[in-house]
Amino acid sequence: MSAIDFWLGRHRDTAAGLPGADLPWLVRLREDAIDRFADEGWPTTRRENWRHTSLAFMAQQALAVREAVAPETVVAALRARYQAARGAAQDAAQQGAKSAPQSAPGSAPELAPELAHNDGHWVVFVDGHFAPALSAIGGLPGGVRIGSLADALAQTPEKVEAAFGQAGDGEAPAALNAALAADGAWIRLARGSMVEAPIHLVFIAATAADQHLRNLVVADAGAQATIVEHYPAGAAGSTLTTAVTRVLAAQDSHVTHLKLQQEAPEAIHLATIEAEQARGAVFTSHSLSFGARLARNDIRTRLAGEGAEALLNGLYHADGRRHVDHHTRIDHARPQGTSREFYRGLLDGSARGVFTGRILVAQDAQRTDAMQRCDNLLLSRLAEADARPELEIYADDVKCAHGATVGQLDEDALFYLRSRGVDAVHARQLLTYAFAAEVLERIAHAPLRALGRAALLERLPEGARLEELL
Amino acid sequence: MLKINNLHAAIDGKDILKGLDLEVADGEVHAIMGPNGSGKSTLAQVLAGRETFTVTDGSVDWDGADLLALPAEERARAGLFLAFQYPVEIPGVSNAYFLKAAVNAVRRHRGLPEYDAMDFLSRVKAEMKAVGMKEEFLYRSVNEGFSGGEKKRNEVLQMALLEPRLAVLDETDSGLDIDALKIVAEGVNRLRSPERSMIVITHYQRLLDYIVPDKVHVLSQGRIVRSGGRELALELEEHGYGWIDAAQGGKAGGASVGARP
């Protein structure tokens with residue numbers, strides 16, 4: 001059972017053995033967090049931020065693995081998919097270079113640096129713990145540290161403390177995470193450092209029914225990196241993942257975060273991504289949510305310094321009776337910040353998609369430029385979408401635009417395709433793919449964009465047929 | 001051979017086609033002219049298989065087959081092509097993908113091998129050159145941000161690639177300047193052949209300066225009210241459509257020469 005008492009018991013039984021159990025600040029934080037969770041319980045629709053998503057069922061939900069997976073197989077498959085995506089991106093770049101009118105005849109096509117580079121730094125976690133044998137972190141530029149939170153707590157606890165967050169942060173599941181998380185990724189990017197290839201964090205539920213991960217990213221001034229969180233399908237059964245990722249982006253740093261959630265069909269996935277941006281920092285979040293029975297992502301960023309830029313980009317797909325919820329919040333705290341937010345949803349069967357886009361513009365945040373869109377495509381009559389913008393603006397010199405749509409495939413476009421001999425099923429797929437692909441186009445890193453595309457095609461019926469033509 | 005017999009079609013309960021008869025023999029080019037609202041575009045859409053129109057009576061026989069019994073995609077594969085008056089923009093689908101999907105769907109149906117990427121590209125590039133389209137249009141989304149002329153060229157390009165037996169061109173001349181009109185007309189003329197019939201729908205005579213029809217029909221209030229040779233188009237150019245409407249006010253379908261102003 002996943003009732004509150006179960007988790008109180010878990011904390012009581014495991015707290016002394018968690019990494020950092022010798023650190024008074026962390027012991028207290030974990031206690032405060034579990035107290036808060038006991039207090040609030042699983043959120044229900046009576047809570048403002050959970051109006052369309054209730055976790056009340058969790059109190060009766062038994063968590064159990066029905067069929068375990070071998071993590072090494074999952075990692076190998078994921079890395080193979082990424083290799084294939086890199087290959088596809090490379091081919092596309094070469095073809096593009098060949099067909100580009102400006103390229104001189106006979107000149108060798110130039111590849112973007114991200115294509116010429118290796119396939120990245122792989123940090124693998126199994127059942128909530130760092131798995132060094134499955135990881136391949138590889139060489140790193142000076143001043144960059146990529147490792148496990150457990151190790152960092154042993155080695156540089158004071159640095160972790162500054163980034164860890166508080167027991168009161170986020171929603172109730174984030175508090176549960178703070179109390180129970182034993183590990184996660186620890187990424188420190190020294191001033192001006194640049195990690196060219198993506199840092200891949202892979203989280204596999206292999207045999208455990210629940211896993212709790214806390215990832216901390218500290219980017220010093222001017223640092224640049226792309227961090228990918230992979231949640232591939234793991235063990236079959238009712239499993240729970242809680243994850244909290246915190247990004248501290250110092251002045252003029254560029255942090256791109258991509259999350260690819262493809263958990264098994266019965267999994268419960270509750271995640272928080274929180275960023276804090278200093279002056280001129282650029283934070284990009286791509287959230288691709290394709291798996292799990294219920295997935296909730298709380299994504300927040302605070303533009304705490306002048307001239308910071310944020311892009312929150314997201315794509316979700318749900319079918320059957322699955323439920324996906326993105327609850328986003330952008331805090332414009334200082335002047336001249338720019339935020340762009342684009343979400344798209346594909347909802348089939350009797351699935352439900354929820355999007356909330358909260359934008360706060362503080363009185364001090366003059367000349368803020370914020371834009372938000374959420375568009376949903378309903379692929380069946382029983383599917384449902386809720387898109388809710390929430391704008392709170394206290395400054396008077398701001399540009400703020402928002403829009404939301406819920407619709408079906410365009411009948412004119414469907415007929416146009418059919419009138420060219422494309423059958424109705426294929427025409428629907430193609431238009432569905434095209435609707436979703438617009439989100440993927442915003443992923444600047446070509447191999448990651450190709451990986452996202454492959455993951456999307458996996459979700460679409462007969463996606464393989466589309467793939468051969470694209 | 002296309003035989004349209006007593007065709008009636010309605011949309012939202014409103015009758016648009018009211019007993020249309022038309023025969024187009026193989027290799028012939030027929031022009032259908034008529035004022036706005038006469039049912040020209042409805043005819044094109046009904047032939048192509050648009051379900052928003054309901055056929056309430058009549059038949060369309062195409063080489064012995066019941067055209068109206070086929071869904072739109074099967075008509076296309078069997079060799080019917082509609083050049084749209086307003087080609088649809090499809091954001092996110094590249095023109096190259098769209099063209100390849102269309103061409104291969106049709107080729108599969110005809111028992112021809114599907115093109116691979118290289119063969120397809122060389123074929124499509126040659127056809128693009130012929131209609132004066134730059135290669136960059138291959139990599140842009142279907143019709144998105146295309147000018148009116150570019151959209152119409154893209155229609156002619158599709159027609160060339162799909163090699164239809166029957167092509168219906170719905171006001172392909174609308175919104176084109178004279179240079180674009182010539183290029184489009186040349187594209188159409190190149191495709192004229194003894195096996196290929198065409199129905200060219202137009203409001204204006206000027207297209208017929210470049211695509212010379214075998215027969216001209218005047219459509220009014222959902223019926224063909226007059227048929228003739230090319231000179232009929234010139235007559236319409238001179239006198240406008242007013243006399244047809246006047247004649248229709250009297251005895252439907254009996255547009256006599258004497259009724260002209």
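1. In this note, buried means under 20% relative accessible area, exposed means over 50%, and partly exposed lies in between, with a 1.4 Å probe and protein chains only. By that rule Arg302(A), with a relative accessible area of 36%, is partly exposed, and Glu276(A), at 34% relative accessibility, also counts as partly exposed.

2. The model is predicted, so that local features need pLDDT of at least 70 and side-chain atom pairs count only at pLDDT 80 or more, while totals for chains, interfaces and linings use all residues. Residues are numbered from 1 along each chain as its sequence is written, chains are lettered from A and ligands numbered from 1 in the order in which they are written, and side-chain values use heavy atoms, with hydrogens and water left out.

3. Glu276(A) and Arg302(A) form a salt bridge (a side-chain nitrogen of Lys or Arg within 4 Å of a carboxyl oxygen of Asp or Glu), with the closest N and O atoms 3.6 Å apart. The pair links strand β12 (residues 268-277) of chain A, which holds Glu276(A), to strand β14 (residues 294-303) of chain A, which holds Arg302(A), across 26 residues. Helices (H or I, at least four residues) and strands (E, at least two) are DSSP runs, numbered from the N terminus.

4. Over all chains the count comes to 47 salt bridges. In the one between Arg81(A) and Glu458(A), the closest N and O atoms are 4.0 Å apart; because Arg81(A) lies in helix α3 (residues 71-99) of chain A and Glu458(A) in helix α10 (residues 446-459) of chain A, the pair ties together parts 377 residues apart in sequence. In chain B, Glu127(B) and Arg190(B) form a salt bridge at 3.7 Å between the closest N and O atoms, where Glu127(B) is buried at 14% relative accessibility and Arg190(B) is partly exposed at 43%.

5. Where does Gln261(A) sit, and is it buried or exposed? Gln261(A) belongs to strand β11 (residues 254-261) of chain A, and it counts as buried because its relative accessibility is 0%. Leaving out residues up to four places away in sequence, Gln261(A) is in contact (heavy atoms within 4.5 Å) with residues including Tyr231(A), His269(A) and Phe290(A).

6. Between chain B and chain A, the buried area (the accessible area, with a 1.4 Å probe, that two parts lose on being put together, summed over both) is about 2,400 Å², and carbon and sulfur atoms give 61% of it. Arg50(B), Glu73(B) and Tyr97(B) supply 27% of the area that chain B buries against chain A, more than any other three residues. The contact takes 36 residues from chain B and 26 residues from chain A.

7. Five salt bridges are found across the interface of chain B and chain A. The side chains of Arg50(B) and Asp412(A) meet in a salt bridge at 2.9 Å, N to O. On the side of chain B that touches chain A, the largest share, eight residues, comes from α3(B).
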